[in-house]
Structures are given as structure tokens and as C-alpha cells.
Amino acid sequence: MPLVELVNLRKEYKTLVAVKGLSLTLEPGDIFGFIGPNGAGKTTTIKMLATLLEPTSGIARVNGINVAENPEAVRSLIGYMPDAFGVYDDFKVWEYLDFFAAAYKVPKIDRPGLIDMALDLTTLTEKKDAYVDELSRGMKQRLCLAKTLIHDPKVLLLDEPASGLDPRARIEIKELLKELKAMGKTIIVSSHILPELADFCTSVGIIERGELIVAGPIEAIMKQVLGGRVLEIRVPDIDREKATALLPSVEHVKSVKRIGETLRVDYSGTLDDQSEVLLALIHGGVRVQSFAEQDTDLEDIFLRVTKGLVA
Amino acid sequence: MRFPENPVLTKELRTRMRGTRAYWILFAYVGLPSLIVFLTYATYTAFQSGNGQNAFQLGKVFYSTVFTIQALLVGIITPALTAGGVSLEKEQRTYDLLSLSLLPRRGIILGKLLSATLFVALLLTASLPLASLCFLLGGIAPSQVITAYVLLLSCAFLYGAVGIAASSVAKSTTNATSLAYTVILILFFCTLPLAIAGITGPFGGNGVGLTALNPIGAVSSGINSEVYFGLSLSPWLPALLVNGMLGVVLTVAAIHRLEYPRSDRTPLLRTLCAAFTLLLAFFLYGFTAPQAAGVSGNSLMAVSILTLLATTLIAAIFATGDGLPTSGGLIRLIFDPRRLRTGDAASGLLYGVLLVLICGAVLYIGTTNSSRPASLRLVLLSLSLLWLLGTLGIWFSAAARSRWAALTATLAAAVVVSVGPMCTQITVGNSPRRPTVLDNLLYLSPFPAASELSGSGSKSLRTPALLFQAPFRMVTPALYGLLGIGFLGLAERARRASRTVVPPAS
Ligand SMILES: Nc1ncnc2c1ncn2[C@@H]1O[C@H](COP(=O)(O)OP(=O)(O)O)[C@@H](O)[C@H]1O
Ligand SMILES: [Mg+2]
């Protein structure tokens, strides 16, 4: 049984359809990166999953439990971190965690230990007795993460956990997410920026205007979207014309583009075939300065997939 | 037995006393009455020569001063403590996380309300030394002081409940706060005449009841007794029951209002409202209705005005809502008794009928035989008014699809319909007014009909210009009936229109 399952999930606001029939399944241990520009419907989807919004139609299940039918049961399974949240004034860090532990019905005797553990994980131990509103933005973000962990949920829903943070705090959040991954949590993490998620997600979904455009394991998506590799070839000025003419006739080359000093080749062959391109160039008398496979990352996928669709 | 833990209560109590604010409130709460008591003492001694008798007098003056000021302070402080309860959490963006936890909704509301009430209890405790000054001087029984404290605490609960209900309804804390203070001012000034009557002695020979509803009356009339349908009660008991019940109704309404996933508490809420209506009907009719001692036309008028006012409020509150259900026939939506469990405007009309019948039953059973025909006619008139305003409310709800717009419009229409026609009767100077066609508007207002309820009612309003020579009490209900049918037609049209506006799901 999948741990998280969305079937044709749809949310309509008065005049606007924010999420249009979204389907998705996640297995235990998956880290799902939910990527899309602002206003794409990430928060709306996550909130429906978190039992904060009622879906207009469709089904969302966590651990087999329908979110709309039994929200109470789902709530103990999920830890939700909103994209924008506040903290109580006049409240100390440990009191904040104790409050939520109590609200999640964690037995009184277990609380101090759990609080210390959560603080340790989020490296906030020193701030235990500090007032919450005196924390920096990054610390508040980590405190909120600590709060989502306090009742040991199976699924974490993190809505833009690193937004608005400086680079250092971003890295800290990333490290924290890696630790959570190591702990075996299933995580849905959203972001409008890709590199943020690239290194620790097992799968990603790109959402735009309420529709999931592509979803799946990262490698599979790369293949699906790019259909292969991109080769970057650098040749001297005088040979450039020759190379441009010659390349399209090589097997598996789909297109050649000149970008500044380099030629960019979309290549659909295997890694072994790739050397044929270099061979063909050299046989053709082209002096090759460099020949490299371009690092394709999520950024490219994102740009390709969402090209022209951004509102 | 262990109390179930309420984290919200713990949190509120913990943070309430942090910082200096709580201490300033405490300081002001004790300081202000002390200062005024001191000034009272100073003026008192300036005019009186001291002897033993005067100490008693002074004790009474102190008592009423100390508790009247406290009553006002409780009224000012409590709603401020709770009016941000829900809305502030939303504004600070802490509400989502709170509502996502396993805390039940009632835990959130009750925690907030209880912590505010406990804080007021603390303030009341702090005023004990001042109150004991009254004992020192004599003239005041300990039971008086104890009832005063109990009633102040019940007022704190009620005002806190008003605040938290406003907070769960309003969009912002500013709105919630002004809504709460408005409601409390209305409650205060509506009950003030009773309190004053309780202090200065009854009006016009009839007994007065519910004198302790108002906190001012609560602290001053601790030793009187009130008579309801021949039942003699100490004033604190009815006050405790009515204020407490109203507080409970408002608290449940606040819990009911918290949004998705909303556990529908309509049946509970409607049952509580019915119980509150019964309670209020018993106490209000208890001292205004014609008693065995003697039928008085004056008190019948008072009963009529009370009943018609209650009917108006019932129609405006229950027969309005955010639009109507789009499926099913309108007639079935309104008259199907199974739909009493739902909270929409259409089912509110039948529920209103139930409430008016409850009032009617209390009135009928409570009054003397000779005034029973009049009470029956009054119930009939009320039901027709309910039909008129209820159908109007349903129409407004279907057209505006906003509860607050419909409620306001219905109330406004009620005021125009009942008071407007009476304005045509205003005469200037001594010259008798000449009958005009406008006199026919009188059929629209329930008051001319009400004035004819007792068979011997005045005929002064009947002028030759009227279309029908039948009594108002017959024409008016018939007119209301017809108008109501018209409003239902309009409601159905508005409902159809709103159904087609909704964009088809693509
Ligand atoms: N309460 C609401 N009422 C109406 N429209 C809303 C509401 N919340 C969000 N939206 C709209 O729904 C769309 C999706 O929003 P959101 O899920 O917050 O996007 P994201 O989190 O991907 O930035 C946006 O166009 C937004 O304006
Ligand atoms: Mg968002």
C-alpha cells in the first residue's frame, strides 16, 4: 500500500481552479520534491493533504486513510510545516515544543526526552530557554521543523522550508532534511527553486497552473524530458562552420545549436556511442578543443518543461 | 479524577502573566475602586457628622461603589481578553498549526475562555480587601458580597463568551473587538432599566424581574426577591441561569464556527437555543404577563412588544444564511421537519415556529384564564410576523448569499415595517389629524394589531380612510401571509439565478 496517494485531487476556489486533478503515489521513504512557480498550486495541494482544506473532488489518502473522511486519524500521521507561520510571543522554545507535544497527546513523561531530542536534531539545544520571538528566521524555521517532529509523524509535509533564508541557513535546513531522510521519514517538500531540492529528492513532480506536468524518479524524468544527453563541443572559429555542417549527419544527433563559443548537441545515443561523434569530427578534420557532456540538472528540466507556460 | 489536560489553557495562563501588562491591569483594577472609595469617603465625611448609624450607611455606600465599579471594569476588561482568541491566532499565522493538532475544537475555545475567566477571578480576588472594608463598617450581609462575586464571575463568563464568539465570526481582531463591545453595550443597556427598577423600586405597581441580569443590578439588589408566575426567587438565581445559558450558547456557537473540518453542532446549538428561549420566556413573561392578581392592559402591551421583538430576532437570526441549498424543492426545504438538524436559512423558519410556540406555550400556561384568548391571538400574530420576516430572510439569503447581509437587511426591513407606518400617525400641534390613504400602511405594522389583542383594545387607530373595516388583528396576519408567499416566489427565483451562475465544473 502506498503511504501517500492522491487520486484526481482537485481544488476550486470561487473563480479559480487551483489544483486540477492531481494524481500521485509515494512509497515509504520517498523524498518527493514538489516544484513549481509561485501560484502553481503547491501550497493548496499540501494543505489538502494536511487536512486544512477540503478537496473539491478527488481523493487524498495517507496510509490508506481518506483525508476528507477521517482527518483526525490523518493528523497524527503527518507533520506539517506551513510556508508562512507565526510563533507565539512570550513563549519559550521548550514551552513551544511542550505545547505542541501536549496538543498531539504525547504522554507527559515522554515529553522532556522528546523535546531534547528534537532540539538536538535541529541544533537548537542552546536556545531551549530563549523566547521564541527572539530567534532568527532560520532558527524559527528549524524550531517549526522540530515541532513537526515532536509527535513522530510518518509523513512530513514541508512547504517551502528554506524560503526567505540566507544561504547559510538554507544549508542548515538542507542538512537537516538529509538527516530526516536518513531517519526513514517520507517527505514531501515544495519549492519554487530547484537546486535547493536536487541533491536529496528521490523523486520530483513539476506542477504548473494546478497540473502536474511531469513526475517520477529524477533520472527517469531527465530521460523523459531531455530524451538523452547534451554535448558541449568547443572548436576554433575557423572550423565552426565545418563542424556545424558535419554534425547533423552523425547518427543519434538530433540538433545542433551554436551558443557563443560552443556548439550544443542534443544527443540521443548511448554513452558508448557518444565517442562516435568525436571520431566523426576528427575524421572530418575539425580540431576539437573540448568535448564534454553537459551536466543536466533539474534546473534545465524545469526550464524546459515550464517554458512558455509561466503565467 | 484527573482533569483532562488542556494545553491551550496552560499556554494562556503561562503567557498571560508574563511581561508587565497583567500587572498594570491588576493595578488599575484595584487602584481605581480604591481611589473612588477614598473620594466617596472624603465627600461623605465632609457632609455627615460621625455616629454609629452613619457607619452602616457608609458601609452600604462603599459596597455599591466598589461593586458597581468592578461591574463596569469586568465589562470592559473581559471581552478584550477573549476577542482576539481565534482571530489573533489567524492574524499571527499560528492558527493552522494549532488547528492541525489533535486538540479538539472545543479544547481551543474552552481553553481561551476559561483562562480569561480565571484571570478575572484573580482580579476579583484582588479586590477582596476593598470588599472587606464594607464588613468592617457593617450594614452589609456576607451573603450579599458572596452573591455579588458569583454574579460578577458569571458576567465575566458571559462577556468572555461574547468575545470569543465574536472572534470566531469576525475576519480580524479589530472587527471582533468592536463587535464584542457592541453586543455587550446592547446587552448592558437593554438590561439596565430592569436593574434600575430593581434598585429604585418597581415601576407602576407591577413587580419587576431579572434585575440582576445587568451587572449593576447584580451587585445592588442582592436582598430583594422577584416573583415569576407566583414563584418567588432571589434575583441572583434567574440572572445566573439566563446569563450562564446565554454564555453557553455563545460558546457552542463559537466552537461550531471554527472551520474545516467542521463538526456540525447545529442540533446541539438549536437545542440549547430552544432551552434558552424557554428560560427567557419563563422569566420575562413571569413578571410582565397578566397575573391572577389582576389583568392589566398595560402588561399585555408589554408582553406583546416583547414577543414581537423576540419573533423579529428569531426570524433574523435563524432564517438567514449564506445562500440556500441548490437541490430540492423550496417548499420541502422549508417544511421538512427532518431538516431541523441542518443549519441553513430554509430550515430556520420551521425552527423559528418551534421557538415562537415555546414562548406561546409558556405564556398560555402562565397567564390567567381571562387573558388566554389574548395570548392565543398574540401567538397567531407572532407566527404571521415570523412567516413574513422568515420568508424575507430566506429571500435575502438566496439573493445576497451572505449571512450578515441577509441578517442586517431583515432587521432593517423589520424596523421599517413595524415603525414606519406608525410615523404616519404623528400629529403636529393640537389639531386632530385628517385620515389619509397612507393610513392603510398601518396594516403592515404589527403594533396596531397588537393593540387590539385584548378584546377591548383601543380603536383609536381605525380611521375612515382604511380599506378594510375588519380589525387590524385579522387583516395584518392575512396580509403577512400573502406577502410571505410572494417572498418565497422571489426566493425561488433568486435561488434559480444563483444556480445558473455557478460555472460548470470543467
Ligand atoms: N484562499 C484562496 N482563495 C482564492 N484563491 C486562492 C486561495 N489560496 C490560493 N489561491 C490561488 O490558488 C493558486 C494556487 O496557490 P498556491 O497553492 O498558494 O500556490 P503555490 O504554493 O504553488 O505558490 C494561486 O493562483 C492563488 O492565487
Ligand atoms: Mg506556496
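**Entry 1**

I began with helix α1 of chain A and found A:Lys42, A:Thr44, A:Thr45, A:Ile46, A:Met48 and A:Leu49 buried. Buried here means under 20% relative accessible area, exposed means over 50%, and partly exposed lies in between, with a 1.4 Å probe and protein chains only. The helix covers residues 42-49, and six of its eight residues are buried, so I noted α1(A) as mostly covered. Just after α1(A), I came to A:Thr51, which has a positive phi of about 65°.

A note on ground rules: this is a predicted model, in which local features need pLDDT of at least 70 and side-chain atom pairs count only at pLDDT 80 or more, while totals for chains, interfaces and linings use all residues. Residues are numbered from 1 along each chain as its sequence is written, chains are lettered from A and ligands numbered from 1 in the order in which they are written, and side-chain values use heavy atoms, with hydrogens and water left out.

**Entry 2: chain A as a whole**

I counted up the elements next and got eleven helices and 14 strands for chain A. These are DSSP runs numbered from the N terminus, with helices being H or I of at least four residues and strands E of at least two. Along the principal axes, the C-alpha atoms of chain A fill a box of roughly 80 × 45 × 35 Å. Chain A has 311 residues, and buried ones make up 49% of them.

I then looked up contacts, meaning heavy atoms within 4.5 Å. Of those in chain A between residues at least 6 apart in sequence, 67% join residues at least 24 apart. The chain exposes about 14,200 Å², with carbon and sulfur atoms supplying 51%; the areas come from the Shrake-Rupley method with a 1.4 Å probe, and for residues only the protein chains shown count as cover.

**Entry 3: over to chain B**

Chain B gave me 19 helices and two strands. It has 506 residues, of which 50% count as buried. For contacts with a separation of 6 or more, residues 24 or more positions apart account for 73% in chain B. Its accessible surface comes to about 23,200 Å², and 71% of that belongs to carbon and sulfur atoms.

**Entry 4: two helix pairs in chain B**

How do α8(B) and α11(B) pack? Helix α8 (residues 142-169) and helix α11 (residues 236-257) have axes 8 Å apart, at an angle of about 20°. That makes the two roughly parallel, a label for angles under 35 degrees, while over 145 is roughly antiparallel, 65 to 115 roughly perpendicular and the rest oblique. Their crossing is left-handed. By class, I found 17 nonpolar, seven polar and one charged residues in this contact.

The crossing of α15(B) and α16(B) is right-handed. Their contact has 16 nonpolar, seven polar and one charged residues.

**Entry 5: one alanine up close**

I went back to α8(B) for B:Ala166, which sits in that helix. Is B:Ala166 buried or exposed? It counts as buried, at 5% relative accessibility. Leaving out residues up to four places away in sequence, B:Ala166 touches B:Ala176, B:Leu179 and B:Ala180. I also checked B:Ala166 against B:Leu250: they are 84 residues apart in sequence and 9.1 Å apart in space, C-alpha to C-alpha.

Conventions: Axes fitted to C-alpha atoms, helices over the stretch in contact; angles between N-to-C directions. Left-handed = near helix turned anticlockwise from the far one by under 90°. Nonpolar A, V, L, I, M, F, W, Y, C, P; charged D, E, K, R; others polar.
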